[in-house]
Amino acid sequence: MGEFNVHRVRFFNYVPSGIRCVAYNNQSNRLAVSRTDGTVEIYNLSANYFQEKFFPGHESRATEALCWAKGQRLFSAGLNGEIIEYDLQALTIKYAVDAFGGPIWSMAASPSGSQLLVGCEDGSVKLFQITPDKIQFERNFDRQKSRILSLSWHPAGTHVAAGSIDYISVFDSKSGSAIGKMLVDRQYMGVSKRKCIIWGVAFLSDGTVISVDSAGKVQIWDSATGTLMKNHLVSNADVKVQIWDSATGTLMKNHLVSNADVQSIAVSPQEDSFVVGTAEGTVFHFQLVSVTSSSSEKQWVRTKPFQHHTHGVRAVAHSPTALISGGTDTHLVIRPLMEKVEVKNYDAALRKITFPHRRLVSCAKKKQLLLFQFAHHLELWRLGSTVATGKNGDTLPLSKNADHLLHLKTKGPENIICSCISPCGGWIACSTASRFFLYRLNYEHDNISLQRVSKMPVFLRSALQILFSEDSTKLFVASNQGSLRVIRLQEGGFTHPRAFQPQSGTVQSMCLLAVSPDGNWLAASGSSAGVHVYNVKQLKLHCTVPAYNFPVTALAIAPNTNNLVIAHSDQQVFEYSIPDKQYTEWSRTVQKQGFHHLWLQRDTPITHISFHPKRPMHILLHDTYMFCLIDKSLPLPNDKTLLYNPLPPTNESDVIRRRTAHAFKISKKYKPLLFVDLLDEKTLVAVERPLDDIVAQLPPPIKKKKFGT
């Protein structure tokens with residue numbers, strides 16, 4: 001791999017926002033996730049759980065509900081009282097509609113996907129018709145006495161269950177009339193006067209209603225007889241899951257599962273299992289099983305508890321093959337159901353996604369500066385230095401500490417979408433949903449001055465990606481309308497930008513950019529799997545890389561050769577010659593032989609690619625848990641070779657050393673990794689974000705009594 005002086009950076013104080021809602025789309029196998037800062041992320045479960053799209057947060061958009069509707073349409077609602085639909089192509093908010101019922105606590109799309117229900121603070125349940133272009137208010141259901149905290153449609157679309165405080169209402173969906181009410185047991189830890197909040201309800205095909213609440217109950221009622229079948233005590237605490245009969249309003253079954261709130265529930269598409277999440281971080285799995293091996297009678301049984309979270313689980317989802325959960329600890333956890341996974345391989349692995357699959361760090365190599373992106377501000381740091389020397393693996397003391405040079409806060413409630421610092425360190429650019437900012441930096445000894453460039457063009461707003469050229473004379477801006485802008489920078493500001501127009505009138509957001517070191521070529525990848533290469537001087541499309549089934553996670557153009565290296569979410573890496581408009585010989589060899597099976601089984605995407613300035617055969621890339629140097633001059637490892645091979649002993653002969661060497665040199669010393677790059681031919685910078693540091697900044701979890709304490 002070679003010897004590098006490594007700047008091990010741990011002062012990027014980034015803390016992801018907690019997860020508030022999750023919504024699984026069975027048709028597209030995609031998962032939508034909303035966070036407490038209003039950010040909405042979309043994961044493609046068919047593409048190795050890659051975060052292919054995201055919508056930036058907003059201080060006034062505290063999302064409380066999230067759901068998919070017919071035609072792959074995504075809606076959210078929150079405490080500002082608005083219903084929002086997202087444009088999944090342009091990655092912007094399509095429109096917002098006020099429901100006029102105060103804060104919205106719950107939302108559910110009808111089984112047909114043509115209607116939308118919202119539950120409001122004033123006790124109203126409002127029905128909207130989903131039209132091709134918008135949503136249209138249709139009618140109010142009978143108003144209830146308290147806020148509507150949870151909603152669920154009957155799979156036939158004939159009835160609706162609504163959870164409130166102390167009771168569950170059942171409505172006729174056609175008339176909007178309340179036809180039943182079920183009072184929930186308010187007893188909690190021996191106290192009966194405490195209000196019971198119905199955090200979640202689920203309506204099953206046989207008329208059964210399952211409720212989860214603040215007293216920790218998961219209650220099951222028999223819709224046929226309306227009687228309590230059995231009381232399962234699985235804990236010494238007063239926490240239950242209730243299942244109700246919507247026709248008779250009687251309790252069918254009662255499960256005690258925790259001494260804290262049960263905050264969420266999700267049912268499998270086959271209705272043979274459901275999952276609940278609690279405020280103390282436990283996820284419980286319930287399954288419908290036969291009473292005896294020879295009996296057709298079935299009952300709900302709690303089969304598996306999971307403890308993959310340190311804090312409360314605010315949202316759960318149930319795909320055909322996995323349980324999905326998220327909460328205050330910021331982790332998105334996907335736990336496959338082993339009995340549903342046909343092949344026990346990569347798909348059977350537990351996944352825990354913490355960090356976004358996009359870059360939050362940019363580097364000015366010439367001045368050894370790092371720019372860190374937070375939700376509402378940027379931080380500029382100068383790396384420390386040392387004059388000490390040592391042998392491999394030594395940690396050297398700093399002769400000069402890292403300097404925090406700049407704290408740049410953006411105005412307004414919108415989150416920052418993207419940011420970048422120029423390689424020379426003289427420019428900083430960033431964008432929100434409605435504003436674009438460009439700053440000029442001047443350095444005088446240890447002092448730094450900042451000057452904002454005024455009168456930026458309106459069409460630069462909502463930039464999804466920003467990138468400076470290697471010589472810092474051009475700025476490339478990718479908009480959410482599919483256009484690419486080229487801004488020429490000069491001392492006093494900029495010249496009027498020129499644009500690459502989208503192909504054939506299509507509107508496709510560009511999520512990734514890469515520019516060649518000589519500034520002649522620009523590669524752009526959209527929200528689909530395609531990559532377009534443009535001639536910067538002629539401002540026209542040069543070529544399009546053949547489409548691939550999995551989305552692009554990172555791309556970069558090599559110096560001298562102008563070879564485009566592309567990484568996809570299935571861990572495949574391609575090398576494409578821009579001048580020749582074809583794959584390189586090395587890339588064809590890779591596809592013929594194939595990557596090592598351990599390389600393909602990695603569960604985090606490659607997020608950054610760079611190159612050694614003096615060794616054209618070397619490619620440096622990294623994901624969250626490793627960085628790798630690929631030496632194209634060496635043979636590829638096969639499945640019988642150790643992929644994560646240690647360096648051979650120094651006393652081995654050159655013959656044995658060459659025999660065991662292969663192209664992949666992998667290091668797992670630094671993790672979790674948010675950024676790795678070469679500052680020069682002998683210096684590497686690695687930005688880490690230890691999970692313990694994130695947990696230390698979260699609110700304290702609910703204390704659980706342990707045996708013997």
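Tutor: Start with the ring rule. Rings of Phe, Tyr and Trp (its six-membered ring) pair if their centres lie within 6.5 Å; planes under 30 degrees apart count as stacked, over 60 as edge-to-face and the rest as tilted. By that rule, Phe11, Phe12, Tyr14, Phe372, Phe374 and Trp381 form one aromatic cluster. Keep in mind that this model is predicted: local features need pLDDT of at least 70, side-chain atom pairs count only at pLDDT 80 or more, and totals for chains, interfaces and linings use all residues. Residues are numbered from 1 along each chain as its sequence is written, and side-chain values use heavy atoms, with hydrogens and water left out.

Student: How many aromatic pairs does the structure hold?

Tutor: It holds 19 aromatic pairs. One of them joins Phe437 and Tyr439, stacked at 6.3 Å centre to centre with 10° between the planes. Both Phe437 and Tyr439 are buried (under 20% relative accessible area; exposed is over 50%, partly exposed in between, with a 1.4 Å probe and protein chains only).

Student: Why is the pair of Phe627 and Tyr670 stacked?

Tutor: A pair of aromatic rings is described by the distance of the centres and the angle of the planes. For Phe627 and Tyr670, the centres are 6.1 Å apart and the planes are at 20°, so the pair is stacked. Phe627 lies in strand S55 (residues 627–631), and Tyr670 in the loop between strand S56 (664–667) and strand S57 (673–680), so the pair ties together parts 43 residues apart in sequence. Strands (E, at least two residues) are DSSP runs, numbered from the N terminus. Phe627 counts as buried at 5% relative accessibility. Tyr670 is buried too, at 9%.

Student: Which ring does the charged end of Lys367 sit over?

Tutor: The test is geometric: NZ of Lys or CZ of Arg within 6 Å of the ring centre and within 35 degrees of the ring normal. The charged end of Lys367 sits over the ring of Tyr443, 4.7 Å from its centre. Arg358 lies over the face of Phe54, at 3.7 Å from the ring centre.

Student: Now a serine. Is Ser76 buried or exposed?

Tutor: Ser76 is buried, because its relative accessible area is 2%. Its place is in strand S7 (residues 73–78). The Ser76 side chain makes a polar contact with that of Tyr86, at 2.7 Å. A polar contact is a pair of N or O atoms within 3.5 Å; within protein, one must be able to donate a hydrogen and the other to accept it, and residues adjacent in sequence count only if both atoms are side-chain atoms.

Notes: Helices (H or I, at least four residues) and strands (E, at least two) are DSSP runs, numbered from the N terminus.
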